[in-house]
Amino acid sequence: VDLIEHVHLVLRNGLKDRTMPLDKQLDALLSGRGRPAAPPPPPSYWAFVASKTFSKNIEYIDQLAAINPLLDKERAWIALALSEGTLASHFAEFQKDRRAVGEHYTSAALLTDQQRLPIVHDLLDQLSGTS
Amino acid sequence: VAVEADRRAVCQYVSLFFSLPTLNRRERPSTEETEADGIEKQKLVDTLSVSIEGILPSSQQTQQQQQQQQYNNRYFCETNWTMQQPRLPHDVHQGRRGLD
């Protein structure tokens, strides 16, 4: 469980914030143009990893998340990749596909860090034979 | 309905007020990597490393135990095989000589 959480934090690091900037939210409220709304959801990498996952596995993750309310799709994706021993290969793919990574992550993210990302991959690669 | 809308508006103002200190950080250009970013990333890598190391020794220990068990089994078989084998002619000859 700790490992899932740590990988989750790695994947959340440096996600692009797609919500309206706070200063613009404040301007909109002060000028009366904005309406009170629910707080925006935190940035998610689900769309990013889902784009690199087989549809069969996405359906399985949907089912897992539906059964267990404590397990969201992001963590369910990590759990499935760990159980299949494919997490390292996913990270290898992240290293190659910089364009897709750049769409979802800032240049200050761990997934765009060309020095640290190979280290993360090597660490996860050690798990491939133990799943 | 109006009271509820006012209540939500107040909550939103308060929420935004407490979020103001983070405005500068959010507006920072995404191309810039600060020292804090580097420290945070290194911390993530270190934490992940510790987490994985915590898992690996158990599996390696299991493998080591399996190897030890295989060695024990082989040693047991080889020992018993030697004991159950008939004596070689050379040994028998030596034995007879000893008896003689």
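The term pLDDT denotes the predictor's confidence in each residue, on a scale from 0 to 100. Good morning. I begin with that term because this is a predicted model, in which local features need pLDDT of at least 70 and side-chain atom pairs count only at pLDDT 80 or more, while totals for chains, interfaces and linings use all residues. Residues are numbered from 1 along each chain as its sequence is written, chains are lettered from A and ligands numbered from 1 in the order in which they are written, and side-chain values use heavy atoms, with hydrogens and water left out.

Let me turn to confidence. Chain A has an average pLDDT of 85, and 79% of its residues score at least 70. In chain B the average is 63, and 34% of the residues score at least 70. Residues 73–88 of chain B have a pLDDT below 50, and beyond near neighbours in sequence this stretch has one contact in the model; a contact means heavy atoms within 4.5 Å. Where pLDDT is low, the predicted coordinates should not be read in detail. The model as a whole scores ipTM 0.77 and pTM 0.61.

Next, the secondary structure. Helices (H or I, at least four residues) and strands (E, at least two) are DSSP runs, numbered from the N terminus. Chain A has eight helices and zero strands, and chain B has four helices and zero strands. Within chain A, mean confidence is lowest in helix H2 (residues 22–30), at 67, and highest in helix H8 (residues 117–125), at 94.

How much of each chain is buried? Buried means under 20% relative accessible area, exposed means over 50%, and partly exposed lies in between (1.4 Å probe, protein chains only). Of the 131 residues of chain A, 44% count as buried; of the 100 residues of chain B, 15% do.

I now consider the interior. A nonpolar core is a set of buried Ala, Val, Leu, Ile, Met, Phe, Trp, Tyr and Cys residues joined through side-chain atoms within 4.5 Å. The largest such core has 40 residues, and Leu11(A), Phe91(A), Leu111(A) and Leu124(A) have the most contacts inside it. Among the elements giving two or more residues to this core are H1 and H6 of chain A, together with helix H3 (35–84) of chain B. H5(A) gives the most, with six residues.

How are H1(A) and H6(A) arranged? Helix H1 (residues 2–12) and helix H6 (residues 87–96) of chain A pack at an angle of about 10°, with their axes 14 Å apart. H1(A) is therefore roughly parallel to H6(A), a label for angles under 35 degrees; over 145 is roughly antiparallel, 65 to 115 roughly perpendicular, and the rest oblique. Val7(A), Val10(A) and Leu11(A) from H1(A) meet Leu87(A), Phe91(A) and Phe94(A) from H6(A). Leu11(A) also touches Tyr45(A), Trp77(A) and Leu111(A), among others, leaving aside neighbours within four places in sequence.

Finally, consider Leu127(A), in the segment after H8 of chain A. Leu127(A) counts as buried because its relative accessibility is 8%. Leaving aside neighbours within four places in sequence, Leu127(A) is in contact with Leu3(A) and Leu82(A), as well as with Ile52(B) and Ile55(B). Thank you for your attention.

How values were computed
Axes fitted to C-alpha atoms, helices over the stretch in contact; angles between N-to-C directions.
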